[in-house]
Amino acid sequence: MLEEIIPIESSNTITKRKPRILCLHGFRTSGKILETQLKKWPESVLEMIDFVFPDAPFPCTGKSEVEGIFDPPYYEWFQFNKEFTEYENFNECLENIENCMIKHAPIDGLLGFSQGAILSAALPGLQAKGIALTRVPKIEFIIIISGAKLKNESLAEKAYSLPIQCPSLHFLGDNDFLKQYGTELLKSVENPVVIHHPKGHTIPRLDDQGLVTMLKFIDRIQKIVASKEDVVTHDYK
């Protein structure tokens with residue numbers, strides 16, 4: 001006779017998975033550099049998220065703006081002309097990001113800085129159109145630091161033809177040379193959350209107001225992840 005095994009409710013352990021974010025670094029930097037840059041944020045923020053920091057697929061093809069500040073090697077996601085309207089290796093870049101998402105699954109959202117932010121902001125729309133990330137789940141949210149729109153007309157039409165509807169957090173620096181372009185990006189986003197800061201083209205520290213905004217956004221994305229999956233393990237006697 002088989003003995004009935006009854007789970008003991010008091011010994012149930014519910015594990016809530018942290019949101020996992022794929023972080024796309026800036027032009028001619030690296031995943032390690034972005035990881036170092038994000039350490040400006042307080043531990044109360046960093047400990048609530050599972051960050052993944054890949055390197056872009058292509059070695060740096062010219063001088064990096066962070067030489068002398070951060071050690072090499074440096075990488076770039078794709079190449080472009082002086083007007084930022086024509087791209088090289090863009091499809092290979094998208095494939096690389098998708099492979100990273102598969103390798104480090106489950107990836108819930110994206111964080112990007114500079115060139116990585118331009119990609120992160122474009123990918124929800126490209127995914128919705130079936131042009132990118134077709135082998136991975138939907139991007140649930142994005143965090144954009146010093147971002148902008150793609151300037152390639154064909155890609156821009158596909159990426160922004162519909163408003164970006166996933167939750168999004170945008171950092172706009174008063175002295176960032178991309179500020180006007182980051183502001184323009186907001187017009188293609190549904191209900192964006194914005195943190196303004198006085199710095200330039202950088203990942204800023206969080207002031208009191210910025211920290212409150214950031215923690216509220218994290219709470220929002222934690223609820224999205226929790227609604228997708230709660231892992232429940234039972235201890236049996």
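Lys 223 and Asp 219 join their side chains in a salt bridge, with N and O 3.3 Å apart. Both residues belong to helix H7 (residues 208-228), where they sit four residues apart, about one turn of the helix. The model is predicted. Ten salt bridges are counted in it.

**Salt bridges**

- Side chains of opposite charge can pair when their charged atoms come close.
- Lys 223 is exposed because its relative accessible area, 55%, is over 50%, while Asp 219 is partly exposed at 36%.
- Glu 67 and Lys 63 form a salt bridge as well, at 3.4 Å from N to O.
- Glu 67 is partly exposed at 39% relative accessibility, and Lys 63 is exposed at 59%.
- A network of salt bridges links Arg 17, Asp 108, Glu 140 and Lys 228.
- Arg 20 forms a salt bridge with Asp 50, and the closest N and O atoms are 2.8 Å apart.
- This pair links distant parts of the chain, since Arg 20 is in strand S2 and Asp 50 is in strand S3, 30 residues apart.
- Asp 50 is partly exposed, at 28% relative accessibility.

**The sheet**

- Six strands make up an open, parallel sheet in the order S3-S2-S8-S9-S10-S11.
- Strand S3 (50-52) and strand S11 (193-197) are the edge strands, and each pairs on one side only.
- Neighbouring strands are turned by 20° against each other on average, direction ignored.
- Strand S2 (residues 20-24) runs parallel to strand S8 (residues 109-113), and four bridges join them.
- Ile 21 stands opposite Gly 109 in S8.

**Helices on the sheet**

- Helix H4 (residues 115-128) packs on the sheet and touches S2, S8 and S9; its direction makes about 145° with that of S8.
- Helix H6 (residues 179-186) also packs on the sheet, touching S9, S10 and S11, and its direction makes about 155° with that of S10.

Definitions and conventions
Residues numbered from 1 in each chain as written. Predicted model: local features only at pLDDT ≥ 70, side-chain atom pairs only at ≥ 80, totals over all residues. Heavy atoms only, no water. Pairing = 2+ DSSP bridges. Helix = DSSP H or I, 4+ residues; strand = E, 2+ residues; numbered from the N terminus. Axes fitted to C-alpha atoms, helices over the stretch in contact; angles between N-to-C directions. Contact = heavy atoms within 4.5 Å. Salt bridge = Lys/Arg side-chain N within 4 Å of Asp/Glu carboxyl O. Buried < 20%, exposed > 50% of the residue type's maximum accessible area, 1.4 Å probe, protein only.
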